[in-house]
Amino acid sequence: MKEPCSRPDQPVSDAPGGASAGYRFHALDDARPEPVELAEECALAIAYNGLNQAVMMVTPADLEDFVVGFSLGAGIVERAADIYDIRISGTGNGRHAEVEIASRAFWTLKAQRRQLPGNASCGLCGVEALEQALPQLPVMPVAPLPPAHWLDDLRQRIADFQPLAQRCGAVHAALFIDAGGRIRMGREDIGRHNALDKLIGALSRSGQDVTGGVAVVTSRCSLELIHKVQRAGIPTLVSFSSPTGLATQWAQRHNLNLIHIPHRSPPRVFSPAARSAEANR
C-alpha cells in the first residue's frame, strides 16, 4: 500500500502581519454592521540600481520573497546571487523596493529597455514587448511524472499553507512539494503571478533543492506561470484550474510536466503528450 504524501512539519496557522485587516459590512435588508476580515493590497514600485522597472499590486507580506521571485521569473537576473541587496520602504498603500543587482544583469536590463518598440504593451505583468511574452527558453531535461498518491486529497491538504485564504478568501496560493513528496512551503497573494513569484523567491532564498519537485498553483494556468516555473527549474507544475492551450503547447515543447486537478475528476496529464496515436483514441 502506497504511503500518502506527508503533511508539513508545522502547519501554518496565522496569516502574515499586514496581509489582512478588519472591516465592516451590512446586509441589504439590515443596517447593523458586522465585522469581517479582508485581504489587503498595496502598490509596490520596484527599481533596479535606481532604474524604475515596474509597479505591481501585491499583498503586503513576504515582499522580499516576491522581489527575488519576480526578478528570477521575469529573467531580470539569472540567479539569486545576482541580487546583492533589497531595501523595502514605505507603509500603507504605497511601498518601494530598491534592488541592487550585478552589473551584467543591469546592463542586460538596460539593453532590453532600449530595444523596446515604443510603449506597446501585450498585457502581461511587467512585459512591454512581444519578444518578452514569448522568450527563447531552453528545453528542460525530461523528468518523471510525480507518483499519483502525491496528489491524493491535495486540495484539502494545502489548507495548512493558506491561512490568509481561510481567514479572508480572495487570494491565490502557490506551493512546493519536494522530491520526497512532502509539502515544503507555500505563499499567498491577491495575484496568481505574485503568489508563484513569492514561492520561487522563498525557495531560492532558503536554498531548497527543486530537483524532482512539484509547483502547485490554485489559479488558472496560463503561459506566464509556465515560464516562471521553467526558469526556476521545477520539472512539474500542477494547477487546480485548466491550462490554456498555449500553456499546454509550451509545456509539451519544453518537457515541463503539466497536470490539472479538476474538482471532481482524476488528475489530467497534459504534458508530456500521449506518445502514440493509440493513446489518444
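A residue counts as buried when its relative accessible area is under 20%. Keep that cut-off in mind as you explore this predicted model.

Stop 1: Select Cys221: its relative accessibility is 0%, so Cys221 is buried. Now pick Cys42, which is buried too because its relative accessible area is 1%. Searching the whole structure for disulfides turns up 0.

**Stop 2: the sheet.** Next, colour the strands β8, β7, β9, β10, β11 and β12; in that order, these 6 strands make an open sheet with mixed pairing. Which strands stand at the edges? They are β8 (183–189) and β12 (268–271), and each has a single partner strand, so one side of each lacks a neighbour in the sheet. Follow the sheet across and you will see a twist that averages 20° from one strand to the next. Strands in a sheet pair through backbone hydrogen bonds, and the pairing can be parallel or antiparallel. Look at β11 and β12 for an antiparallel case, joined by 3 bridges.

**Stop 3: a helix over the strands.** Show residues 223–232, which make up helix α7. Helix α7 lies across β9 (214–217), β10 (236–239) and β11, and runs at about 145° to β10.

**Stop 4: His260.** Select His260, found in strand β11 (residues 257–260). Is His260 buried or exposed? With 4% relative accessibility, under the 20% cut-off, His260 is buried. Across in β12, Arg268 stands opposite His260. Finally, display the residues that His260 touches beyond four places away in sequence: Ser239, Phe240, Ser241, Ser242, Pro243, Pro267, Arg268 and Phe270.

Notes:
Residues are numbered from 1 along each chain as its sequence is written. This is a predicted model: local features need pLDDT of at least 70, side-chain atom pairs count only at pLDDT 80 or more; totals for chains, interfaces and linings use all residues. Side-chain values use heavy atoms; hydrogens and water are left out. Helices (H or I, at least four residues) and strands (E, at least two) are DSSP runs, numbered from the N terminus. Buried means under 20% relative accessible area, exposed over 50%, partly exposed in between (1.4 Å probe, protein chains only). Contact means heavy atoms within 4.5 Å. Two strands pair if DSSP finds at least two bridges between them. Axes are lines fitted to C-alpha atoms, for helices over the stretch in contact, and angles run from 0 to 180 degrees between N-to-C directions. A disulfide is a pair of cysteine sulfur atoms within 2.5 Å.
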